[in-house]
Amino acid sequence: MSSIMTSRSPASSASASASLLLFLLLLAATIPSIVAGSNPHAGASFALLRPPSRSDRVVPRRSPAPRVGRGVADSLGLGATDGDAEADAQAAENTWRSALRTPPASSDPISEVVDLCSSTPRRRPDAGRGESTLAFLSVSPPYASRFPEIVDAAYETLGGDATLLSVVGGGVVGGGRESDDPTVPAMALLCGILPASAGMEAFCFGPDEPPPPPDSKAWVALGRGQDVPSYALFADPFSKIQDVIGGLDRSGTSGEEGSAVVAGGVSCPVFGDDGPTVGLNGKAYPRGSAVGIGLSGTCGIQAVVAQGCRPIGTAHSVTKAEGNMIVELDGRPAIEVLGELSIGDLLSDDDKKNIETYGVMCGLATPGAKDVQEGDYLIRQILGFRSPAVMIGAEVEEGDVLKFHVRDPAAAEDDVRNMVGRAKTERLFAGGVETAGRPMAALQVSCVARGRSLFGKADVDAGHVRSLIGADDGGDATATASAPAVGGFFANGEIGPAGFAGRGIGSKATFVHGFTAVACAICDFGTTSKSASPDRTAGEGSRMESEADSAWG
């Protein structure tokens, strides 16, 4: 964590000075990040390094044309066949599975990941019908030094038809269970089969060149002509993550900000280790990389973001700011406004207790929010003071709306429960499968400061995410039919909308959050979406790739 900077307090009352001293002590209790100075929760800015050379870029997978539907076949007099019946049975089957491993420290991680990737998948994809495997692998920090070997072994075991996204997290989630201790060796796999009617694009931005500008037609090409494209994104803290998000966010057919749904998280490098922490297929990419996949056709995602902090006090307007320093709030020195939180009856005893335990956070209202609600704030840590300014982990502009927040375990659990419930209700009223989608699996990305360190008990986030996909809460952490298809990791930053967004529901702008939990439901929409059919002609596919190549420069 960045060191706290202090200077002489402005001339003011003795009570304000005393309260400032109190806050300096309280802020020192803030949960440290796994990587000093690289965690957006600790307010570190992302290093502006460069992404992949053309030779490093992954060629997108083009799904084959979908099978002729039963109604179309009947109208053509083709009749049903045993093969069609078998294919229909396969299509109705949910092939998504997840598993968690916490082997002894003496165990060989390569043998462990090979066994994990051999035993977890329900079956192999039928390449003749255009099926393929999509998988997400997460490992904890003790395995970081061997991450490239682990990624390579996992990809070889899953098979060359698979698309694999890998990440080093501060903990892992698998089989609907959490392993949130960063010192414990752990690995988890979430995998399933995509039908031929689903399209998928794999992409990578390494440290060698910047992404295209946000208005580049390459982003729309990556979105494959979808109104609301869906993406899962893993990035390390030193990648140009904001530039990548800015481009993906405009990849819908409208080209407007917030026209896509993006969900994922930021990896957790081990302090002092410059090795890779994200991987795509069989390769671990160097520091400064971001990897991801885009889904189209009959598959897409719906993302839920639950807050981990509760607002306290009143909302303030930033009236003077310089970079990440808030100089004035409501025309007064920001440091005085902060100090007054602990004076009088403004805060409850519970608030004061939570501040003593977790410190004070800043919540910045999401850009463009008109009627700012509790979940519309992006939480950032306070880094220190440079009188009369308060320094936080984000760029601030005059006119921004700010509200101080405190971490609250009860409020955090209430919010994840309420957000998951809201998502299920939205899906219920969205219409049929073609609109609402059928959840097959969920990718969970929780802040490293959540888990047992916040809730005092295990699997709080995972329990609610399991209910998002209708999984049996009694499932164990094994690769069986009863194990919930929920996997993911504990992150240095969580990527997603403010609240709930997704295909069939509507899109929102994407942000890097702090202290939140992101649940990304991978859904089957049962019919190929408008202008997104994967059965492109060769000419159409070539044209799109040509446009993308031209836009990449």
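Biologist: Which residue lies over the face of Phe525?

Modeller: In this predicted model, Arg503 takes that place over Phe525, at 4.2 Å from the ring centre.

Biologist: And what lies over the face of Phe238?

Modeller: That is Arg287, which lies over the ring of Phe238 at 3.6 Å from the ring centre.

Biologist: Switching to ring pairs, how many aromatic pairs are there?

Modeller: The count comes to five aromatic pairs. One of these is formed by Phe136 and Phe234, whose centres are 6.2 Å apart and whose planes meet at 55 degrees, so this pair is classed as tilted, given that stacked requires planes under 30 degrees apart and edge-to-face requires over 60.

Biologist: Are Phe136 and Phe234 buried or exposed?

Modeller: Both Phe136 and Phe234 are buried, and for Phe234 the relative accessible area is 1%.

Biologist: What about Phe234 and Phe489, how is that pair arranged?

Modeller: The ring centres of Phe234 and Phe489 are 5.3 Å apart with the planes at 75 degrees, so the pair is edge-to-face. It again links distant parts of the chain, since Phe489 lies in strand 23 (residues 486–491), 255 residues apart from Phe234 in strand 8. Phe489 also counts as buried, at 1% relative accessibility.

Biologist: Which residues do ring pairs link into a cluster?

Modeller: The cluster linked by ring pairs consists of Phe203, Phe205, Trp219 and Tyr231.

Notes: Residues numbered from 1 in each chain as written. Predicted model: local features only at pLDDT ≥ 70, side-chain atom pairs only at ≥ 80, totals over all residues. Heavy atoms only, no water. Phe/Tyr/Trp six-rings, centres within 6.5 Å; stacked < 30°, edge-to-face > 60°. Buried < 20%, exposed > 50% of the residue type's maximum accessible area, 1.4 Å probe, protein only. Helix = DSSP H or I, 4+ residues; strand = E, 2+ residues; numbered from the N terminus. Lys NZ or Arg CZ within 6 Å of the ring centre and 35° of its normal.
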